[in-house]
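Please read this note beside the model. The points run from the ligands to the chains and then to the places where chains meet.

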Amino acid sequence: MLIFLVRRLGTMVLTMLVVSLLLFLLLEINVASVAIKVLGPYSSDEQRQLWLEANGYLEPFYVRYFTWLGNFIVGDFGSSIRFKVPVGDILWPRLGSTGILGLATMMVVVPLSLGLGVLAGMKEGSKLDRTISVGSIVTTSVPEFASAVLLSAVFVFYLDLLPGTSSMTDGFSLVQLSLPVMVLVLYDFGYVTRMTRASMSEVMMTHYIRTAVLKGLPYKTVIMRHALRNALIAPFTVIMLQINWLLSGVIVVEFFFAYKGFGALLLEASLNQDIFLIEACAMVAVFVAVATQTLADVGYTYLNPRIRFA
Amino acid sequence: MTDAVAGLPPRESKVIKYLKGMALIRESVVGMIGLGLIVFWVVMALLADLLAPFPPNATLYPLAMPGQFVEGMGTFWLGTDHLGRDILSRIMHGSRAVLIFAPLATFCAYVVGIPMGLAAGYRRGMTDAVLSFVANVILSFPVLVLYIIIIATIGASAVNIVIAVTFASAPGIFRIVRGLVLDLRSREYVFAAETRGESPWRIMLVEILPNARGPLIVDACLRVGYVIITIGVLGFLGLGLPPPDPDWGGMINETRQMAMSFPHMTIFPCIAISSLVLGFNLLADGLREVSLRD
Amino acid sequence: MSTKQEYEGPILECRNLSISYFTRAGEIPAVVDFNLTLEQGGSVGLVGESGCGKSTVAMAIMQYMGSNGGIVGGQVIYKGRDLATCSEEELRQLRGNEISMVYQEPMASLNPSMTLGTQLMEVPLCHEEITEKEAYDRAVQILADVNLPDPERVMASYPHQISGGQQQRVVIAMALLSNPSLLLLDEPTTALDVTVEAGIVELIGEIAKKFNTSMIYISHNLGLILATCDRVNVMYSGVVVESGSVEEVFDHMRHPYTKGLFSCIPLPGTDKLAHPLVPIRGQLPLPHERPSGCYFGPRCDFFEAGRCDQAMERGTTPMHEVTGRAGHTVRCERWSEIDWESYKPEGVVAHPSERGHEVLSIDNMRKYYELTDNSIGAMISGKRVRYVKANESISFKAHECETIAIVGESGCGKSTFAKVLMGLETATDGDVMFNGKDVAELPVQNRSPEQVGSMQMVFQNPFDTLNPSHSVGAQLARVIRKFGVESDPVKIENRVMELLDLVKLPRDFARRRPRQLSGGQKQRVGIARAFAGNPAMVVADEPVSALDVSVQAAITGLLMDIQHTYRTTLLFISHDLSLVRYLADRVVVMYLGQIMEQGTTDEVFAPPYHPYTEALLSAVPIADTSIQKKRIILEGNLPSVMSPPKGCPFNTRCPRKIGDICETQVPPFAEDHPGHIIMCHIPMADLRAVDPVIVQVDKDKSAAE
Ligand SMILES: Nc1ncnc2c1ncn2[C@@H]1O[C@H](COP(=O)(O)OP(=O)(O)OP(=O)(O)O)[C@@H](O)[C@H]1O
Ligand code: SF4
Ligand code: SF4
Ligand SMILES: [Mg+2]
């Protein structure tokens, strides 16, 4: 188990290193264009040259990479070109806002989709199952931007119940949070539901469930004790990986509702070629993704006695 | 030559066999609905020039409401946008871009992902370790982050979108193929092929791949649906196909500022894109259901 | 246990039970007109080939038919109560408490994520008012009763942490926990090795005595029924065709199918030359394609048109009492007319084999697998290498037209050996001379097409052996082209036809897909494929073990026939000692990667025995009432090849172990006759002194004389 943990963490670090190298290659290999991006298209050649020299850009590539990496690890991400402040100063608060959004979404998605998935998978082919399955297909077919449009049309335009933007300029507001969360939930829950259903229905067909029934256990015990324990191992992984997906969805939703979060920041940085901000945002996003993946793997092994006591 | 052998029924052509296999989808209601939606949009795309009431980019009558009749022009069934272009015509023409680029991009991703998955699953060892690691690195990016970075760096164009989709989806396909191959490679017919000294690529392509096609077809349907969403999202974020040609995501992006006052401009493209994606997802579900039956 | 009502009279009665499954294709009548009476303490066997409805009956008794099954007629009466009238709650109280069940695959029947203790304790906890402590004690006690060592440890284990045989003991313990009145066993030993099976069968016998439980034992193996039951129902295609006491049915069978079934299995009395096996022609009808009247009609040699195929009130021929034989019934219209004395069906043609020149010579071959962890993590942390000794010092020779059987239980290295021969693995050490050339280190890619074609394989699993994506013809054609037998398309096509003729399949099968073929037919194609390149040697890895008994005989016969025609050397890998005795010329017995004993078939099946051979022989179930066997039950589990015992590999389980020497020194290869080699420390004289394991006591003769 310990070896496994160490190995898994090693892979995680290695992945992060490769990603950082890729990013660095993509964004900073061409020194001249870095200068243009930083100083703007109207800067003169001398200005650019001076800036490059001052910032160590004339060093060989690997030296620059390691310096950059070193700075990065201690939390010095450089300065945002667009906002003219250190990247960290805007990044962390934004990440916090997105964390709230993500957390709220997960708090709805997890119980909802596990519940529905288990209900559907308990009796494969039943009416309830068909309804839930088709329902979840329909909701996953509606992209976030489309459901954002449709939901705002309903709740903002026709019903006038909720605000159409969620910029939260006057501090945190639950009302403003509700539409973005709804959109994210609508898109995400279908997938987890279907995975849970698949896992559950597979478990329900196993021989050990038959054994449990023919032992004379009450149906409730069969489900709660024998089926759920095995059926929820796979969805656990799916949920962890879903966090990766959520990061994508968050970009669209934040953009649409003008929510001041991490996704909107990343998009803004990309559109404005704000390279240091892009680098930081991308690394954070990948870190979150890789960390959840690692957690998913570790959790999976922990939940599965066949691996745990191998 | 084949009919020279006496007493044998004539050989069925491969195409007919596949069509017969596909015809099984009739047994799934859900699958048929999905197929219907897809066919509907394919017909729209093919016949857009004939069916569309107006030219897609013509400025006609700004801010018409759905169903509004304008003297001398006709009825704008779905209304017009802020530039006075007919939304119905734009949706019809816009289906072309989606229906060309989404399957094309998916196809490219398969062309890259399948051989890598075959190699990793069949050879295992180092090949697998390296390919899997590369796939994991790419997959560790949240998809949209990857798209945004790629498109923002190489620029928004149809070709670049295909490249970005290939790059981002191939690792997922790689994983699926690899998993299927790991399962299939231990079958005795593969063993038999090995004992007669077949080359590894022949074993992968002729002995293994055909038996993996069922799950791959289902996956392809889902993936096309997802690529449609991706293209839509990119358009919506302003990273899609360059204007003025109609593109569903772009239409939503252009008009979303006015969505609060004129919801029809954004809602109809949203419905279009969702229905097409739904078509592919339902078809995939139907295919899976049918393929599990025997 | 006082909660259980006392009941006089039969524990279980099935009356005219009919069970169907409802599928898209319509109603599938899986079981028709099934009758059974089980007395207190009795044991009834259900025997029949796969798909005949045995499990369906068991599930119907449990009233657990799945979503698409249902009882469409008749009754299941348990202690006088019609189970169909019981509510879900009443059924729940019966299940696991009064009626319990043991299943075919122990691993799959146990919940992988719960400890065995929890799973065991559940049973009394949900059926009785009992404390956790009492439940725990009861579980430990019952685990000891099923002869599991260290019950406390088993209680705390997860299913994957114990061996298959132990898992099955746990499942049996679980079934016995509430001291049920009726125990259903559905193929409880099919997934286990013979020596493990022998232990379980003995356990079942003990249980029946000790707990006075009534049993229904389901199996496809007549030998096991003989070992466990007093009555037997022979099933064919959803109906019981013959029913009676075990002695009656085994010694005085009346139904042509029962007769056919016994002629299909290699009993000690059969001999490929004098008394060959007689396969049943044709194949099992699908449930919805059964003929009218007698379901066995199309395959029966006594079929009489107008009588046997007459449509009957109950759908099939009714049961007839065999006059003068109490309790013996048979579902045949002509049972009293058939003259079994003059019935001499033609068996599978076999020829004495004259062995020719040496084809294969293996000398001291070893195959070690290096286990390395190839993940990136392991590469960083440094490689961890372990050796698995899959094959150790293998030496033997094979001649033209000879059949060599390699016998051993799972994991003894049979398949690794086949892989080395075929060139899929290279030997770690030693020589493998094939047709005068050393192929030990020649991977298949480096062998010439002619070399490859002259050594081919027949595989075990018919459902896996052909590629489902290509037609039968295309697969055969590929082999022909690959081995360079023919290259002209027309000639290839003709050769495909010849091959199909050779394995007695209709020519239009060339156009068929594998899924349109039955298991036996697929196996025939597999044989055709192996013989496509006119091989000098064919390795058959358990070619019939996945097939039904009635098909087995035909496939075995076919294989022997083709082998004789082409003078091919046949390496027959099998765990079925009866079959091996029937067809092999020489036998090689393997255990944990090493050869324990080798010699001609007669030498190996008679003393002197290697202690392992002796145990194997005694473990084989034999469906013959006139056979008496020595009982040798091996203790313990098969050790893992990862950590084989030091000294003699068999020392952890050997009942005749002579002392420390067995644990410290590798035994010598002692030769009894030239060619009969035994690897054991026991002196040859002592080995010679034992009695034969299997003796035929000729009851009829001794009675007559
Ligand atoms: N769930 C089901 N749906 C449809 N048909 C079924 C189902 N289960 C079994 N059958 C069919 O019913 C018949 C009897 O099956 P059953 O499993 O009882 O046979 P069996 O004698 O136990 O065979 P085996 O020796 O292979 O275990 C078979 O033809 C089988 O194909
Ligand atoms: S009834 Fe006729 S066909 Fe059936 S077993 Fe008897 S003799 Fe044969
Ligand atoms: S050497 Fe010893 S342990 Fe091995 S078989 Fe002979 S007696 Fe048994
Ligand atoms: Mg069965």
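1. Ground rules. This is a predicted model, in which local features need pLDDT of at least 70, side-chain atom pairs count only at pLDDT 80 or more, and totals for chains, interfaces and linings use all residues. Residues are numbered from 1 along each chain as its sequence is written, chains are lettered from A and ligands numbered from 1 in the order in which they are written, and side-chain values use heavy atoms, with hydrogens and water left out.

2. A residue is near a molecule or strand if one of its heavy atoms lies within 4 Å of it.

3. Ligand 3. This ligand is surrounded by 13 residues. The closest are Cys648(C), Cys654(C), Cys662(C), Cys680(C) and His681(C). Its shell divides into eight nonpolar, three polar and two charged residues.

4. Ligand 1. There are 14 residues around ligand 1, and Gly51(C), Lys54(C), Ser55(C), Thr56(C) and Asn68(C) come nearest. Check the side chains too. An N or O atom in the side chain of Thr56(C) is 2.3 Å from an oxygen atom of the ligand. For the side chain of Ser55(C), the distance from an N or O atom to a ligand oxygen is 2.5 Å. Tyr21(C) has a side-chain N or O atom 3.5 Å from a nitrogen atom of ligand 1.

5. Chain C. This chain has 25 helices and 26 strands. Helices (H or I, at least four residues) and strands (E, at least two) are DSSP runs, numbered from the N terminus. The radius of gyration of chain C is 27 Å, close to the 27 Å that the globule rule gives for 705 residues, so chain C is as compact as a globular protein of that length. That radius is taken over C-alpha atoms, and the globule rule is 2.2 Å times the number of residues to the power 0.38. Along the principal axes, the C-alpha atoms of chain C fill a box of roughly 75 × 65 × 65 Å.

6. Chain B. Its secondary structure comes to twelve helices and two strands. Along the sequence the pattern is α-α-α-β-β-α-α-α-α-α-α-α-α-α. The C-alpha trace of chain B spans about 75 × 50 × 30 Å along its principal axes.

7. Chain A with chain B. Here 47 residues of chain A are in contact (heavy atoms within 4.5 Å) with 39 residues of chain B. The two chains bury about 3,800 Å² between them, 78% of it on carbon and sulfur atoms. Buried area is the accessible area (1.4 Å probe) that two parts lose on being put together, summed over both. Two salt bridges are counted between chain A and chain B. A salt bridge is a side-chain nitrogen of Lys or Arg within 4 Å of a carboxyl oxygen of Asp or Glu. Glu289(B) and Arg130(A) meet in a salt bridge at 3.7 Å, N to O. Helices of chain A that each supply at least two residues of this side include H1 (2–28), H6 (127–141) and H7 (144–158). H7(A) gives the largest share, nine residues. By class, this side of chain A has 35 nonpolar, ten polar and two charged residues.

8. Chain A with chain C. In this pairing 21 residues of chain A are in contact with 32 residues of chain C. About 2,500 Å² is buried between them, 62% of it on carbon and sulfur atoms. On the chain A side, Arg7(A), Leu214(A) and Lys215(A) lose the most area to chain C, together 27% of what that side buries. The rule finds two salt bridges across this interface. Glu122(C) and Arg225(A) meet in a salt bridge at 3.0 Å, N to O.

9. Chain B with chain C. A salt bridge joins Glu198(B) and Lys482(C), their closest N and O atoms being 4.0 Å apart. Glu198(B) sits in the loop between helix H8 (188–195) and helix H9 (200–208) of chain B, while Lys482(C) is in helix H16 (residues 472–482) of chain C.

Methods. Nonpolar A, V, L, I, M, F, W, Y, C, P; charged D, E, K, R; others polar. Polar contact = N/O pair within 3.5 Å; in protein donor to acceptor, adjacent residues only side chain to side chain.
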